[in-house]
Amino acid sequence: MSTTTTLPGLRAWLLTDTPASRAQAAWGRRYRIWRDFRANGVAMTGLVTIILLIAAALAAPLLATHNPDAQELTNRLATPSAAHWLGTDELGRDVYSRLLFGGRITLGMVVAVVLMVAPVGLAVGTIAGYLGGMTDRVMMRVTDIFLAFPRLILALAFVAAIHPGISSAIFAIALTAWPPYARLARAETLTIRGTDFIAAIRLTGATTPRIILRHVAPLCLGSLIVRVTLDMSSIILTAAALGFLGMGAQPPSPEWGAMIATARDYMLQQWWVPLMPGMAIFVASLAFNLLGDGLRDVLDPKQR
Amino acid sequence: MRHRLKALAAAAASVPITLFGLVLVTFLIGRVMPIDPVIAIVGDHAPPDVMARVRLELGLDRPLLVQFGIYLNHLLHGDLGRSVMTSHSVVHDIKQFFPATLELAIVAIFVATVIGIPLGVLAATRQGSRIDTVVRVFCLAGQSVPIFLLGLLCLVIFYVKLGWAPGTGREDVIFAGTIPPVTGLLTIDTLLAGDWDAFHDALAHLAQPAGVLAYFSMAYITRMTRAFMLDALAGEYVITARAKGLSAARVVWRHAFGNISVRLVTVLALTFAGLLEGAVVTETVFSWPGIGQYLTVSLLNADMNAVLGATLVIGISYLLLNLLADAAYTLMDPRVR
Amino acid sequence: MLTRRHLLAATAATPLATIGFAGAAEAKTPRGVAVMAKQIDDIISFDPAEAYEFSNNEVDANVYRRLVAPDPHDNTKIAGDLAKSWTVSPDGTTFTFQLKTNARFPSGKAVTAEDAAYSLQRVVKLNKTPGFIITQFGFTKDNVDSLIHATGPHTLVLKLPAPQATSFVLFCLTANVGSIVEKATAVKHEAAGDMGNGWLKTNTAGAGPYQMVSWAASDHINMTPNPHSGIHVNTPRIVIRHVKDPSAQLLLLQKGDADIVRDLTPDQIKTVAADKNFHITQSPQGSSMYIAMNQTMPELAKPQVIQAIKWAIDYDAIAKNITPNSWVVSQSFLPKGLPGALTTEPFHKDVAKAKALMAEAGLKDGFACTMDYISAAPYGDIAQAVQADLAAIGIKVTLVAGEQKQVITKTRARTHQLAMLVWGTDYFDPNSNAQAFCANPDDSDNSKLKILAWRSHFVDKELTDMVTQATAELDAAKRVAIYTKMQQLSQERAPFAMLLQKISSAELGKGVSGFVIGPLPDYTKYAEIKKA
């Protein structure tokens, strides 16, 4: 009973043209965005897929049928069967279980990269954009240098220079991924900087760090979120490419790119062994792209 | 207009500074690589006295800054040093490998443009329809598939199973070394040599890697075309044209498209820059003897002269294409004028 | 120069016209051309005084000839190549070679003793990577001109500063570094006193059955017959194409786009073996895969732990399941086929015994360590299998992958704990491996001998002394006895778990025959390659 009465009530509260408080206005805006987003079937598919992938990765120990590292050398490269739903790999390990545990690594890498890149990009971009002058020029020159690098090559060189592994792969991808964020944040900041409302805040005597942190940065977040979501797919692909080239996660880690790298020699005869992790990468990457694309439509109408 | 030109000049002037930074970073990465460059040259079995001599010859005993200074000095004189892997000068190698990548990228961007722009226009004119959705998902899928997987699948399907396409490499083995290199672009060189068989062969070898790259880069082109087109279709001149009773196709292609073409040039320049680096994995899968493969192989063997040279070439191309995009935007866009 | 037009004229149809038979095995490559798909990105130089990788040594083996070569019927014996005969003085120091008179360079000029003397002097004076194979006998750039010289147009005298086992000296001369270069060509292309090294890096000037006409790094090698060699070749052109990916190599073979492929994985070899259109030729190689245990790590320095690791590994399961047809079990430091190699394999997986040894070492609960390995196939799979085997006896191994050169750099810096590596013998004599795995006269950082024993801080005076003793032993039987004893001692004490020996294989397309893989790349021959 209560749901039928409160939901319309809540919706009316959210959608009112005359919000009573700033909070109500903000929540109303968010609700409208969500309503637009939900109407986009393609984007919803992406969101649901991502939620499922995250759930599967989190519940990997419950869902897995085998120990992902258990070898069975006499049962290598087996076809999918009741015992091994997706077959076994070149050391007789269960591909299905490895995919589940590999999801944790791949998605974990994505989260780690984003957590490193977004703040750095935001900081560099807003500071450069807000302060202008020499600071801006120096910071943007550094950004340009990193932009001019072939992304995969910089990551490869960086990983090679330290040592191959998940943490260095994360650092390497982060190193190559931040410049576009800095550019984006700077461009946004340049438009915000000149607005009356920033001028007004400046008159109240707010310090520069405070203005950047409390007033400029939050306004850049919208476009940044879109960019992050769209970037997640390319982070997944870069991580997989690094793994594929032997510079990412190390065996016996079931990272998806590394799984393909070790299985690519079986492409012709035992095609399912490299294809399974390949499909996993594709699905995850596509889901993030669909989601990001949908978000761009609702959050960044200029690009529509 | 004037201050835009000034901004453009400033952008051009900053290119050398960016390049300097690029060389410095690459140089430093090369020097902290956990591979001893001496081992890369003389191998594992060489006795200590041979290794010590080669270390001296390479100047590796000198301070890092001095080494960098020497490298820069040579660079300014057009000398990129000698590659360990190929025994040739890096300049010679770049002349050999870069055209292969260029050819691949040119064909890929051509295919991506020819398919991507009409798709974008189609999606824009049918905004919100089922076709719009299909185009969108098709493009996003292209951006989501790992290039190495797509490449391997193509090889298995089109080469192995169907036999429609030739295998890896740039040309069939019987043509190797028979075409005098003039431009380095094999399709053009074979035509210059008047050798139709070799021309067909070169085209056939290009099809798969270029197709894979084209699919990957098409998404961005289609997406931007659609966005610009929606923008243009809402413009006043289009509405006026419609009111005049012009046919829909004429309105779309003549008026709206004409208006966005300059902005599309910018998009294409940026996509092309991205292609040059996207070629790295594609070249590995298809054994394409291009600059990407040269770079990866050199990197994994600590052949730092080669790595520096190749990075420099890709970096320069990238910067120039960006500059070109800026210039096109500044000089040609009617709205800016 | 041979052009494609000539080739097309020799074939009935253009290659394009014959595309389309999926899986068909008809040779599609032009008649008269043998196409070999192989990984050739290791090549740095073709100069025999400098070449020291697999692919260039193999090409040189078909482009250059040496004074002597292993007897094709029994690899452990020596036969003449350019030398018709030779004599050795009773004290073992003076070798006199009589050269054949019918061998010629592509220039048409006959091979003389002067060419031979110049080539060997050149090796010593340039002193590049493989130079030690010759200089280890005591030659220096100051004494070599007087010690190696021609005494007649076809007589070469080689004097050793100190006596050495005769077979040791002769086997070293069979290596690629003993190749005879045409002096006139080298001198003509000399630049800045490099004795033609710059030119010979990318060109060849030898009396072998073939000459190299073009090379593009990591792309292809083109070879045509040396018209004056006097050796009959069946195939007028050999093209070696660089194909990195083994799957792509298999494809080329199946589609008839390659006649010979060289780098298939064990599973792919199985596929080829099941197809009666193809056939496989194999030869054991002088390459050993082993695990080095750095003695600076206290746990790994305990003799019981060294033994426990050797008893924990399931050698047979690895060889049978992961590397069938490509690596076989080999547990002594001399790979089979080399003179003096042991033929027994004392170790097998025995978890109880290994655990008991761990307990005896006071490490009942095991310990943790890292293992560096080469990231390429099949090392990754083997490393993971070893990791599982060692886990069973309580040793928790963290795997660290790296490019081969990276792993080598690390072991040379002696910062590894466990490292799984490959060692190829330098020449076809037991001394190469005996010295590598046993000799460590000076464990300090300034040592003049920084090979495998030194790199893992393995100091064993008895074994070190036996290395020198064996090289000076003129009695062949006694020399073999020393090596037998050394291999047994090494199995007991040395911190090297010898795992596997490489089997090189080549897969030949329908109607292709005559390709001979040698036990070292220096002995692999193309001259008999024939297409039906």
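Start by selecting Gln404(C), Lys405(C), Gln406(C), Val407(C), Ile408(C), Thr409(C) and Lys410(C): these are the buried residues of helix 16 of chain C. Buried here means 20 or more other C-beta atoms within 10 Å of the residue's own, exposed means 12 or fewer, and partly exposed is in between, with C-beta atoms placed from the backbone. Helices are DSSP runs of H or I with at least four residues, strands are E runs of at least two, and both are numbered from the N terminus.

You're looking at a predicted model, where local features need pLDDT of at least 70, side-chain atom pairs count only at pLDDT 80 or more, and totals for chains, interfaces and linings use all residues. Residues are numbered from 1 along each chain as its sequence is written, while chains are lettered from A and ligands numbered from 1 in the order in which they are written.

Now show all of helix 16 (404–412): 7 of its 9 residues are buried. After the helix comes Arg414(C), with a positive phi near 60°.

Next, hop to the A/B interface, where 36 residues of chain B contact 36 of chain A (contact: C-beta atoms, placed from the backbone, within 7 Å). Pick helix 1 of chain B, which gives the most to chain B's side, 8 residues. That side divides into 26 nonpolar, 8 polar and 2 charged residues.

Last stop: Thr79(A), in the loop between helix 4 (60–63) and helix 5 (95–131) of chain A. Thr79(A) is exposed, because it has 11 other C-beta atoms within 10 Å.

Technical notes. Contact = placed C-beta atoms within 7 Å. Nonpolar A, V, L, I, M, F, W, Y, C, P; charged D, E, K, R; others polar.
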